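Morning, everyone. Please have a look at the chain on the screen, and then I will walk you through it.

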Amino acid sequence: MPNILLTRIDNRLIHGQVGMTWTNHLGANLVVVANDQAAMDEVQQNLMDMAVAETVETRYFTLQETIDKIHYAAEDQLIFLVVKTPQDVLRLVAGQVPIKKVNIGNMHFSEGKKQVSSTVSVDDEDIRTFHRLHELGVKLEIRRVPDEKSLDILKFI
């Protein structure tokens, strides 16, 4: 069973908050980015690696590669899993990735979305996906940084 400490939705993927603040808070030694585009973009990977301490490893997998490889993780790999969208989380859960808790950190506002917190905006598809994840037993929290109070997204959608 892979040791997934936390899964975070952040449309920026790895940046300072993720690479340092959250990783240190969790005690993670591996950040896995599950994103089809980032898995193919070496320049983006190099930029994201700059936001992570040298003692923390990174892996960039497509969603399918994550499903296929996550169960081969070593016991001593303390994994912080980062994805871009709630739909990515649902796909991973459907692929038997053992995700129990999701931190919703950043979902940018765009046309057709409504803002439910200072950093989270959702559309109808996101709302349906969050409800489905909840039905599957996944705990969902909005929290930008570790010392911020956790909010249940279901109270806002």
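**A walk through the sheet**

Let me start inside. Asp10 has a bridge partner in strand 5, and that partner is Asn106. Keep Asp10 in mind, as we will come back to that residue.

A word on the source. This is a predicted model, where local features need pLDDT of at least 70 and side-chain atom pairs count only at pLDDT 80 or more, while totals for chains, interfaces and linings use all residues. Residues are numbered from 1 along each chain as its sequence is written, and side-chain values use heavy atoms, with hydrogens and water left out.

Now the overall picture. The protein chain has six helices and nine strands. Helices here are DSSP runs of H or I with at least four residues, strands are runs of E with at least two, and both are numbered from the N terminus. Over residues 1-157, 32% is helix and 25% is strand. The end C-alpha atoms sit 32 Å apart.

What size of box do the C-alpha atoms fill? Roughly 35 × 30 × 30 Å, along the principal axes. The radius of gyration is 15 Å, which agrees with the value near 15 Å for a compact globule of 157 residues. That radius is taken over C-alpha atoms, and the globule rule is 2.2 Å times the number of residues to the power 0.38.

Buried residues make up 49% of the 157. Buried means under 20% relative accessible area, exposed means over 50%, and partly exposed is in between, with a 1.4 Å probe and protein chains only. Now contacts, meaning heavy atoms within 4.5 Å. Among those between residues at least 6 apart in sequence, 70% join residues at least 24 apart.

What is the strand order? The order is 3-2-4-1-5-8-9, in an open sheet of seven strands with mixed pairing. Strand 3 (57-61) and strand 9 (151-152) are the edges, each pairing on one side only. Two strands pair if DSSP finds at least two bridges between them.

Let's go along the sheet. Strand 2 (residues 30-34) runs parallel to strand 4, joined by four bridges. Val32 has Leu81 as its bridge partner in strand 4. Six bridges then join strand 4 to strand 1, again parallel. There, Ile4 is partnered with Ile79 of strand 4.

Why do we call strand 4 largely enclosed by the rest of the structure? Because five of its six residues are buried.

Next step. Strand 1 and strand 5 (residues 101-106) are parallel, over four bridges. Strand 5 is also parallel to strand 8 (residues 139-142), with four bridges. Ile104 stands opposite Ile142 of strand 8. Strand 8 and strand 9 run antiparallel, joined by two bridges. Glu141 stands opposite Asp152 of strand 9.

The UniProt record, an unreviewed entry, annotates His15 as "modified residue: Phosphohistidine". That record also places "domain: PTS EIIB type-4" over residues 1-157. UniProt positions use the numbering here, feature names are shortened, and annotations may be inferred rather than shown by experiment.

Where is His15? In the loop between strand 1 (3-10) and helix 1 (16-26). Is His15 buried or exposed? Buried, because its relative accessibility is 15%. Here Asp10 returns. The side chains of His15 and Asp10 make a polar contact at 2.8 Å. A polar contact is a pair of N or O atoms within 3.5 Å; within protein, one must be able to donate a hydrogen and the other to accept it, and residues adjacent in sequence count only if both atoms are side-chain atoms. Leaving aside neighbours within four places in sequence, His15 is in contact with Asp10, Met20 and Ala51.

Next, His71. This residue is in the loop between helix 4 (63-69) and strand 4 (78-83). At 40% relative accessibility, His71 counts as partly exposed. Its side chain reaches the backbone oxygen of Gln96 at 2.9 Å. Beyond neighbours within four places in sequence, His71 is in contact with Pro2, Gln96, Val97 and Pro98.

Last, Thr119. Look in the loop between strand 6 (114-115) and strand 7 (121-122). Thr119 counts as buried, at 19% relative accessibility. A polar atom of its side chain lies 2.9 Å from the backbone oxygen of Gly105. Not counting residues up to four places away in sequence, Thr119 touches Gly105, Asn106, Met107 and Arg144.
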